[in-house]
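Please work through each task before reading its solution.

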Amino acid sequence: EKGGFDHFMLKEIYEQPSVIKDTYRGRLHADKGIIQMSGVEDHLEKFLNADRIIIVACGTSWHAGLVAEYIIEEFARISVEVEYASEFRYRNPIINKNDVVIAISQSGETADTMAAIKLAKEHGAFVFGVCNVVGSSISRESHAGAYTHAGPEIGVASTKAFTTQITVLTMLALRLAKAKGTLSHSDFHRYLLELELIPEKVKEALGTIETAKEIAAKFKDAPNCLYLGRGYNFPVALEGALKLKEISYIHAEGYPAAEMKHGPIALIDEQMPVVVIAPKQGHYDKIVSNIQEIKSRSGKIIAVVTKGDTQVRELADYVIEIPETSDALSPLITTIPLQLLSYYIAVYRECNVDQPRNLAKSVTVE
Ligand code: M6R
């Protein structure tokens with residue numbers, strides 16, 4: 001059942017090229033220059049008239065929501081707020097009839113997310129569900145939605161659910177951008193073509209496995225780890241840290257790289273591994289200076305860089321090379337080596353990778 005892999009998690013990491021394709025199949029038509037998502041087409045006006053979009057989710061799905069915030073605001077110019085479902089449901093939030101609430105949930109059974117959408121519905125908002133499990137409670141409770149088609153995810157640590165959620169939300173952003181005319185014709189077309197190439201690039205990024213393994217062997221006994229990223233890759237830093245915490249029990253924190261100087265930099269010494277997501281597209285020069293700041297304090301730098309990078313390579317202790325893609329789509333690629341890194345660290349520490357202590361696959365209690 002694990003298809004020859006030692007763990008479900010590794011199998012699911014390796015399924016990503018094909019499930020991302022399943023997720024955009026029938027929806028993304030790069031040749032015709034269109035995106036068609038039935039759950040969106042039927043309710044396009046709701047999205048176009050929305051004062052804002054509120055995304056509610058928990059854990060990894062919340063991280064996908066953060067990536068979506070950046071993409072939807074950039075592409076479709078609609079204001080987006082992302083909330084932990086557990087906070088939203090208990091804090092008397094302002095919800096209007098013209099709000100669109102997007103609930104993201106792999107299982108579709110998370111109690112806090114379910115309660116958040118019930119609250120949103122009571123206030124007359126339109127609820128759009130992004131779920132993986134077909135027929136799940138959240139998908140049934142939503143007014144409309146889009147499934148992620150990742151197939152069953154057994155490992156408690158979410159991997160393929162995350163990348164397929166980002167795929168769906170990117171398509172949604174592109175669809176809305178097309179309707180609103182907020183992206184130029186050529187940019188829109190370029191993103192469709194690039195999205196089509198993502199599965200191949202994910203496959204290539206899976207080739208970092210040996211490097212990830214070597215780095216994992218070096219850092220398996222670290223008591224702490226920091227993850228830094230900027231822009232679209234800030235949520236990837238959070239996700240990298242969550243993955244390490246939950247399966248290896250190493251304390252890890254994700255931060256926007258620029259926040260370092262407001263506190264976390266005090267933690268850096270020669271014992272502290274710092275994983276920096278530093279692809280060529282995006283705020284490259286800024287991240288290079290962040291890396292210099294870490295180096296001058298003797299932190300151990302593990303950098304995820306674009307293939308052929310020379311500048312970061314000179315500064316970092318270890319580099320993991322990934323294929324190039326545009327800044328907005330990069331989370332789909334940068335996240336792959338971080339999954340592999342945490343996987344091998346957990347394996348070397350002899351942890352129960354698929355069923356970490358204290359965790360359940362779906363959190364149906366509040
Ligand atoms: O099924 P959901 O997407 O609603 O689950 C949300 C979180 O419980 C989930 O992402 C959790 O954080 C994972 N264990 C992360 O790997």
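**Exercise 1: Salt bridges**

Task: determine how many salt bridges the structure contains, where a salt bridge is a side-chain nitrogen of Lys or Arg within 4 Å of a carboxyl oxygen of Asp or Glu.

Solution. By this rule the count is 18 salt bridges. This is a predicted model, in which local features need pLDDT of at least 70 and side-chain atom pairs count only at pLDDT 80 or more, while totals for chains, interfaces and linings use all residues. Residues are numbered from 1 along each chain as its sequence is written, and side-chain values use heavy atoms, leaving out hydrogens and water.

**Exercise 2: One pair in detail**

Task: characterise the salt bridge between R52 and E81.

Solution. Step 1: the closest N and O atoms of R52 and E81 are 3.1 Å apart. Step 2: R52 belongs to strand β3 (residues 52–57) and E81 to strand β4 (residues 80–84), so that the pair, 29 residues apart, links distant parts of the chain; strands are DSSP runs of E of at least two residues, and helices are runs of H or I of at least four, numbered from the N terminus. Step 3: R52 is buried at 14% relative accessibility, whereas E81 is partly exposed at 32% (buried: under 20% relative accessible area; exposed: over 50%; partly exposed: in between; 1.4 Å probe, protein chains only).

**Exercise 3: A pair within a helix**

Task: locate the salt bridge between E239 and K243.

Solution. Step 1: their closest N and O atoms are 2.7 Å apart. Step 2: both residues lie in helix α12 (residues 234–248), four residues apart, about one turn of the helix. Step 3: E239 and K243 are both buried.
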